[in-house]
Amino acid sequence: MAYVPNGNIKTKISIFERITSLRLADESVRETKVIPRVSLINHTSFPKTEEYLRTQKSHIFLTFDEDKHNFNNEVRFSTRTSLIECISFVRVAEFWLKLDSQNTVIIRNSYKSSLSFYLLGLVRYIQDTTFEQAYNTVKEKVKNLEMPRKLYLSYFENYLSRNEFKTLCIHQIVISTLPRKRVESSKPFGKPFYSLRIMEKPTISTVIHDEHHVICKVDTSIAGDVTLVLNRNNAKLFTLFLNTNSFEEGLYRFSKDDLVLDSGTILDDDFTIDIIFFKTDKKSKVYNLNGKSLLIDKFAGSYDENLLNRLKGEGYSKDDAMIATITANSSTGMSKVLQKLKKREEVPNSSKEASLDRPYKPNDDITLVDINLIVDIMPEKENTKTKKKTLPPKNIPKTEIANSLTVRPFYWAVIPKSCDSIFNELDDVHTQIDFMKFEDWFCITTDCQQLKVEKQASSVIRDSRRLFLVSLSLKTFEKKQFVLHNKQLADLPLEDLTMINTIIPTDEEYKMMFSRKKELNDIERKMIAFYPYKKLIRLLIFERRFFENKDNWIIGVENIKSVYDTILQSNNIRLLLKTVLELGNTINTNYGNNRRKASAFKVCSLVLTKNYRGKKNNQSLLKFVAETARSRLKSIKSDLETIESIRNDELNNYKEIMNEYILEYRTCKEWVEELDGELRANMKAFLFYFSEFVRNFSNEYREAVIYSSIIKRKFGEPENKNVKEIISILYNFLKSVRHEIET
């Protein structure tokens with residue numbers, strides 16, 4: 001028997017006790033009160049955390065985790081350090097604490113670098129103190145709390161004082177002394193190469209270097225957060241986080257204390273980074289940093305959809321109903337919250353216009369400009385040989401169906417007109433429809449309806465359905481006691497404006513009714529009274545619809561860019577492509593007749609891996625690829641969810657929608673001069689704002705097109721290839737790989 005010194009026994013016992021204590025700590029939830037009504041809990045298992053949250057009332061749970069589980073009332077933030085995300089974190093907590101005096105905020109202690117910045121930012125903002133005082137307040141309560149870099153603190157303070165995100169052009173970056181890795185992955189005889197990536201932009205910077213300097217020619221405009229990542233031989237060296245709020249035109253120098261170094265990075269003592277900023281004519285970028293909106297957007301927990309729909313049906317706004325539903329998850333004080341929210345919504349009609357949150361002031365001196373339609377950078381040429389001329393519609397014999405309506409609408413899904421559609425091949429197909437039988441099966445007379453359209457012999461408009469819909473709108477108009485006056489019409493919401501637009505006759509209807517005034521019934525006489533307001537109503541509907549959708553357009557295009565960037569940067573996709581490439585070469589060269597190895601393959605070849613079988617039926621190349629790459633694949637579910645978010649989205653659709661709005665803008669631009677006084681000034685300011693929005697949207701769209709072009713080039717596809725096909729193949733391949741791994 002070997003002799004064991006006592007010191008070793010004590011050491012082993014000490015280690016064992018420490019491991020045991022750590023395990024016990026992981027299994028229990030420890031709560032730390034940071035400031036009144038704000039608590040921090042440790043990162044522990046899902047069941048334990050969920051059990052703890054059930055005991056809490058009137059809370060929201062702020063996390064940074066990319067977890068497959070969703071906690072009750074969870075609001076999830078990005079793990080990447082960002083001033084925008086930090087401000088969002090603060091605004092959400094502030095809104096929830098102000099909503100009710102009993103509300104509490106619970107934060108999960110994870111991602112230390114981000115948490116320290118966000119938590120101290122919250123304490124500094126809520127208690128209206130300095131970062132140093134906030135740090136002294138919290139450091140005794142929260143272990144491992146780090147004082148954020150001075151650079152980050154200056155970004156936060158500058159945002160609070162300026163409240164905007166200016167746009168600057170990063171012209172050039174000069175790095176003095178060459179950064180390197182402790183262990184180089186390149187071949188001994190290979191020359192090192194550097195590459196720069198801007199996380200928020202699809203730019204390809206030109207990077208050159210000599211013995212002492214790395215020079216990056218960027219020349220790109222950016223607003224808000226800027227995350228610069230420098231790589232050497234495809235290995236990340238460091239990250240530099242910037243925010244344009246804190247800079248003006250000129251040269252700025254950064255030291256290694258401003259950087260987040262990757263593991264194994266070596267920097268010399270005299271290392272510096274010089275960045276040259278230029279001014280640009282682009283406007284500042286506007287982010288939605290409203291606490292209520294951010295809470296709803298980032299909410300990751302579950303909620304009662306039936307309750308949400310019931311509250312919306314009772315007349316509460318969508319956002320207020322959602323906030324009340326979240327409150328109901330952990331509190332019985334929903335009615336008290338609804339009263340507060342309802343009071344904010346109950347404003348006189350004259351102030352409803354402000355609810356549009358117009359980011360401009362009335363200006364009658366604005367000169368409106370023409371806006372060009374948005375086009376792709378490299379539009380596809382039309383094939384004039386196959387282009388089919390669209391003929392005017394044939395004269396279809398009309399059937400007499402007066403005073404009849406179908407039982408219910410036919411809710412079919414229409415598709416955009418396309419020259420390749422099968423419906424263009426149906427001209428020679430003739431049908432024989434028995435309309436008498438159709439009415440017998442599917443129609444009822446309007447006499448059976450509660451709201452009737454009285455049949456009058458002098459009716460000019462023959463379309464009974466049209467008169468029925470107008471009669472409904474007129475009854476609603478009279479019930480709400482609306483008045484045909486420019487000022488009141490300008491304050492109405494989109495729903496009421498759309499209802500009034502139903503009443504307004506078309507130009508053809510107006511001409512017909514005006515020429516036969518003696519034959520008009522009551523409904524038609526009222527329709528004529530609405531006709532002078534046709535242009536104003538159309539202008540107002542255009543404005544309301546624009547503000548209702550503009551954020552979705554920008555977010556949609558930015559989301560597409562983000563997914564494209566994820567595809568280009570995904571290590572999982574690169575690993576699987578390399579695995580397939582090596583296995584394909586092994587099959588064709590090592591065990592086949594080909595002598596020359598392939599250096600790349602088309603993405604459509606991934607589909608073949610599923611059908612390529614071995615000696616047994618359950619031995620597929622796809623399964624072999626999945627098992628080969630299994631141990632090195634990380635968060636493949638995250639890649640799948642990211643790509644899936646745009647599977648049904650089409651970049652070109654945003655262009656088409658915006659072009660429709662541009663055509664409407666051209667019409668409204670001609671009409672706006674016919675308005676009077678303040679209303680004209682308001683609408684001219686709106687149209688000018690719209691033109692500026694289109695310019696910014698065009699830049700976002702072009703960047704997304706550049707992204708798609710890069711994807712096509714990366715995967716060896718021609719420019720006229722639809723990028724959606726590439727994404728679909730990659731998604732299905734990743735999904736199949738994940739299925740093979742899980743089974």
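Predicted model: local features only at pLDDT ≥ 70, side-chain atom pairs only at ≥ 80, totals over all residues.
Which residues of H22 are buried? In helix H22, the buried residues are Leu651, Tyr654, Lys655, Met658, Asn659, Tyr661, Ile662, Glu664, Tyr665, Cys668, Lys669 and Trp671. Helix H22 itself runs over residues 651-671 and has 21 residues, and from its first C-alpha to its last it reaches 31 Å, which is close to the 30 Å expected at 1.5 Å a residue. As for what covers these buried residues, the cover includes helix H17, residues 534-569, and helix H23.

That brings us to H23, which spans residues 677-714 and is where Lys684 has its place. Is Lys684 buried or exposed? Lys684 is buried, because its relative accessible area is 6%, and the cut-off for calling a residue buried is under 20%. Leaving aside the neighbours within four places in sequence, Lys684 is in contact with Asn363, Asp364, Ile366, Leu368, Val672 and Glu673. Further along helix H23 we come to Ser708, which is also buried, with a relative accessible area of 6%. Not counting residues up to four places away in sequence, Ser708 touches Tyr564 and Val723.

Let me now step back to the chain as a whole, which has 24 helices and 18 strands. Of its 743 residues, 43% are buried. Among the contacts between residues at least 6 apart in sequence, 73% join residues at least 24 apart.

Next, the sheets. As a reminder for those who are new to this, strands of a sheet pair through backbone hydrogen bonds, and they can do so either parallel or antiparallel.

Another open sheet of five strands has the order S9-S10-S6-S16-S13, here with antiparallel pairing. Strands S9, residues 206-209, and S13, residues 250-254, stand at its edges with a single partner strand each, so one side of each is left without a neighbour in the sheet. Neighbouring strands here are turned by 20° against each other on average, direction ignored. Four bridges join S9 to strand S10, residues 213-223, and the two run antiparallel, with Thr206 standing opposite Lys217 in S10.

My last stop is a pair of helices, H3, residues 83-99, and H7, residues 291-298, whose axes come within 8 Å and cross at roughly 105°. That angle makes H3 roughly perpendicular to H7. On the side of H3 the contact is made by Glu85, Ser88, Arg91, Val92, Phe95 and Trp96, while H7 brings Gly291, Lys292, Leu294, Leu295 and Lys298. Sorted by class, this contact of H3 with H7 has five nonpolar, two polar and four charged residues.

Note on methods. Residues numbered from 1 in each chain as written. Heavy atoms only, no water. Buried < 20%, exposed > 50% of the residue type's maximum accessible area, 1.4 Å probe, protein only. Contact = heavy atoms within 4.5 Å. Pairing = 2+ DSSP bridges. Axes fitted to C-alpha atoms, helices over the stretch in contact; angles between N-to-C directions. Parallel < 35°, antiparallel > 145°, perpendicular 65-115°, else oblique. Nonpolar A, V, L, I, M, F, W, Y, C, P; charged D, E, K, R; others polar. Expected span 1.5 Å × (residues − 1).
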